[in-house]
Amino acid sequence: MQLRQTVLDCTHPRQVAEFYRQLLGWAYRPGDEPPEPGQPDPNGDDWLVLRAPDAGHGLAFQKTDRLPRSTWPSSEVPQQLHLDISVPTREEFETEYEHVVALGGKMIYDRSDDPEEPLRVYADPAGHPFCIFVAEG
(Lines give C-alpha, C1' and ligand atoms only; values in the text may rest on other atoms or scores of the structure.)
Protein backbone atom coordinates (compact mmCIF):
# COMPACT_ATOMS: atom_id res chain seq x y z
CA MET A 1 0.00 0.00 0.00
CA GLN A 2 1.26 3.50 -0.76
CA LEU A 3 -0.07 7.01 -0.40
CA ARG A 4 -0.87 8.31 -3.91
CA GLN A 5 -1.87 11.91 -3.29
CA THR A 6 -3.23 14.44 -0.83
CA VAL A 7 -6.53 16.04 -1.82
CA LEU A 8 -7.31 19.67 -0.98
CA ASP A 9 -10.89 20.94 -1.12
CA CYS A 10 -11.17 24.38 -2.70
CA THR A 11 -13.75 26.62 -4.29
CA HIS A 12 -11.45 27.37 -7.28
CA PRO A 13 -9.41 24.25 -8.12
CA ARG A 14 -7.49 25.79 -11.03
CA GLN A 15 -6.37 28.79 -8.95
CA VAL A 16 -5.10 26.64 -6.08
CA ALA A 17 -3.54 24.03 -8.41
CA GLU A 18 -1.68 26.79 -10.28
CA PHE A 19 -0.39 28.17 -6.97
CA TYR A 20 1.13 24.81 -6.02
CA ARG A 21 2.31 24.04 -9.58
CA GLN A 22 4.34 27.23 -9.59
CA LEU A 23 5.46 26.89 -5.97
CA LEU A 24 6.66 23.29 -6.26
CA GLY A 25 7.54 23.10 -9.96
CA TRP A 26 5.28 20.05 -10.41
CA ALA A 27 3.33 19.18 -13.57
CA TYR A 28 -0.31 18.47 -14.22
CA ARG A 29 -1.42 14.91 -14.76
CA PRO A 30 -1.94 14.45 -18.54
CA GLY A 31 -5.29 15.95 -19.48
CA ASP A 32 -5.41 18.36 -16.52
CA GLU A 33 -3.34 21.13 -18.12
CA PRO A 34 -5.06 24.53 -18.44
CA PRO A 35 -7.02 24.99 -21.67
CA GLU A 36 -6.19 27.60 -24.28
CA PRO A 37 -7.35 31.12 -23.28
CA GLY A 38 -11.08 31.55 -23.78
CA GLN A 39 -11.77 27.80 -23.83
CA PRO A 40 -13.90 26.01 -21.21
CA ASP A 41 -12.07 24.42 -18.28
CA PRO A 42 -14.28 21.53 -17.09
CA ASN A 43 -11.47 19.85 -15.13
CA GLY A 44 -10.53 23.17 -13.52
CA ASP A 45 -14.09 23.47 -12.27
CA ASP A 46 -14.08 20.02 -10.70
CA TRP A 47 -10.88 17.98 -10.06
CA LEU A 48 -7.20 18.50 -10.92
CA VAL A 49 -4.05 16.54 -10.12
CA LEU A 50 -0.40 17.60 -9.90
CA ARG A 51 2.42 15.06 -9.86
CA ALA A 52 5.90 15.34 -8.39
CA PRO A 53 8.72 14.98 -10.96
CA ASP A 54 9.55 11.51 -9.64
CA ALA A 55 5.93 10.46 -10.43
CA GLY A 56 5.48 9.72 -6.75
CA HIS A 57 3.21 11.64 -4.41
CA GLY A 58 0.76 14.09 -5.90
CA LEU A 59 -1.64 16.82 -4.88
CA ALA A 60 -5.24 16.86 -6.05
CA PHE A 61 -7.69 19.74 -5.94
CA GLN A 62 -11.38 19.01 -5.50
CA LYS A 63 -14.19 21.51 -6.03
CA THR A 64 -16.38 22.35 -3.09
CA ASP A 65 -19.05 25.02 -3.01
CA ARG A 66 -18.00 26.47 0.34
CA LEU A 67 -14.82 26.28 2.35
CA PRO A 68 -14.35 28.18 5.60
CA ARG A 69 -10.78 29.50 5.83
CA SER A 70 -8.68 28.11 8.62
CA THR A 71 -8.19 30.59 11.44
CA TRP A 72 -5.00 28.86 12.65
CA PRO A 73 -3.33 29.54 15.05
CA SER A 74 -6.74 30.27 16.57
CA SER A 75 -8.77 27.08 17.00
CA GLU A 76 -12.06 28.60 15.78
CA VAL A 77 -11.64 26.89 12.36
CA PRO A 78 -8.83 24.33 12.68
CA GLN A 79 -6.43 23.56 9.87
CA GLN A 80 -7.35 19.84 9.88
CA LEU A 81 -4.42 19.14 7.54
CA HIS A 82 -1.37 21.03 6.38
CA LEU A 83 1.56 20.41 4.07
CA ASP A 84 5.18 20.46 5.24
CA ILE A 85 7.63 21.62 2.59
CA SER A 86 11.35 21.66 3.29
CA VAL A 87 14.21 23.51 1.65
CA PRO A 88 17.87 22.58 2.06
CA THR A 89 19.34 25.97 3.02
CA ARG A 90 18.57 29.13 4.92
CA GLU A 91 19.13 31.12 1.70
CA GLU A 92 16.46 29.15 -0.14
CA PHE A 93 14.16 29.54 2.87
CA GLU A 94 14.45 33.33 2.56
CA THR A 95 13.98 33.23 -1.22
CA GLU A 96 10.81 31.16 -0.86
CA TYR A 97 9.19 33.89 1.22
CA GLU A 98 9.22 36.22 -1.80
CA HIS A 99 8.15 33.37 -4.09
CA VAL A 100 5.13 32.43 -1.96
CA VAL A 101 3.95 36.02 -1.58
CA ALA A 102 4.38 36.71 -5.32
CA LEU A 103 2.17 33.69 -6.07
CA GLY A 104 -0.62 34.96 -3.79
CA GLY A 105 0.23 33.18 -0.55
CA LYS A 106 0.19 34.91 2.82
CA MET A 107 2.48 34.34 5.79
CA ILE A 108 0.43 33.60 8.92
CA TYR A 109 3.16 32.56 11.38
CA ASP A 110 6.88 33.31 11.49
CA ARG A 111 9.36 31.23 13.43
CA SER A 112 12.29 32.04 11.16
CA ASP A 113 14.47 33.00 14.14
CA ASP A 114 14.41 29.45 15.58
CA PRO A 115 18.05 28.25 15.47
CA GLU A 116 17.04 24.54 15.50
CA GLU A 117 14.39 24.55 12.77
CA PRO A 118 13.48 27.88 11.16
CA LEU A 119 9.98 27.78 9.71
CA ARG A 120 7.19 29.92 8.38
CA VAL A 121 3.55 28.99 8.05
CA TYR A 122 1.71 30.35 5.03
CA ALA A 123 -1.83 30.16 3.69
CA ASP A 124 -2.41 29.37 0.02
CA PRO A 125 -5.01 31.39 -1.93
CA ALA A 126 -7.79 29.11 -0.61
CA GLY A 127 -6.59 29.49 2.99
CA HIS A 128 -4.94 26.05 3.44
CA PRO A 129 -1.98 26.39 5.81
CA PHE A 130 1.39 24.99 4.79
CA CYS A 131 4.85 25.18 6.34
CA ILE A 132 8.20 25.83 4.75
CA PHE A 133 11.17 24.95 6.93
CA VAL A 134 14.89 24.42 6.62
CA ALA A 135 16.05 20.80 6.73
CA GLU A 136 19.79 21.09 6.19
CA GLY A 137 21.81 17.98 5.48
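Some ground rules before we start. The model is predicted, so local features need pLDDT of at least 70 and side-chain atom pairs count only at pLDDT 80 or more, while totals for chains, interfaces and linings use all residues. Residues are numbered from 1 along each chain as its sequence is written, and side-chain values use heavy atoms, with hydrogens and water left out.

Let's begin with the sheet. Four strands make an open sheet with mixed pairing, in the order β1-β4-β3-β2. At its edges are β1 and β2, each of which pairs on one side only. When I say strand or helix, I mean a DSSP run, numbered from the N terminus: E with at least two residues for strands, H or I with at least four for helices. Two strands count as paired if DSSP finds at least two bridges between them. As a reminder, strands of a sheet pair through backbone hydrogen bonds, either parallel or antiparallel.

Now let's go across it. Strand β1, residues 5-10, runs parallel to strand β4, residues 58-63, with six bridges; in that pair, Gln5 sits opposite Gly58 of β4. On to β3, residues 47-51, which is antiparallel to β4 and joined to it by five bridges. Then comes β2, residues 27-28, antiparallel to β3 over two bridges, where Ala27 stands opposite Arg51 of β3.

How many of the residues of β3 are buried? Four of its five, so to my cut-offs: buried is under 20% relative accessible area, exposed is over 50%, and partly exposed is in between, using a 1.4 Å probe and protein chains only.

Next, helix α1, residues 13-24, which holds Glu18. Is Glu18 buried or exposed? It counts as buried, because its relative accessibility is 18%. The Glu18 side chain makes a polar contact with the side chain of Arg21 at 2.8 Å. A polar contact here is a pair of N or O atoms within 3.5 Å; within protein, one must be able to donate a hydrogen and the other to accept it, and residues adjacent in sequence count only if both atoms are side-chain atoms. Leaving aside residues up to four places away in sequence, Glu18 touches Tyr28 and Pro34, where contact means heavy atoms within 4.5 Å.

Gln80 counts as exposed, because its relative accessibility is 77%.

Gln80 also brings us to the largest pocket, where it is among the lining residues closest to the centre, with Leu67, Pro78, Gln79 and His128. The space in that pocket is about 300 Å³. Which strand or helix gives the most to the lining? That is β1, with three residues.

Last stop: Thr89, in the loop between β5 (83-87) and α2 (90-102). Thr89 is partly exposed, at 29% relative accessible area. A polar atom of its side chain lies 3.1 Å from the backbone nitrogen of Glu92. The C-alpha atoms of Thr89 and Val134 are 5.9 Å apart, although 45 residues separate them along the chain.

Notes. 1 Å grid on protein atoms, 1.4 Å probe; cavity = no way out; pocket = protein on both sides within 12 Å on 5 of 7 lines; lining within 4 Å. Points joined across faces, edges and corners; volume = space filled by probe spheres on them.
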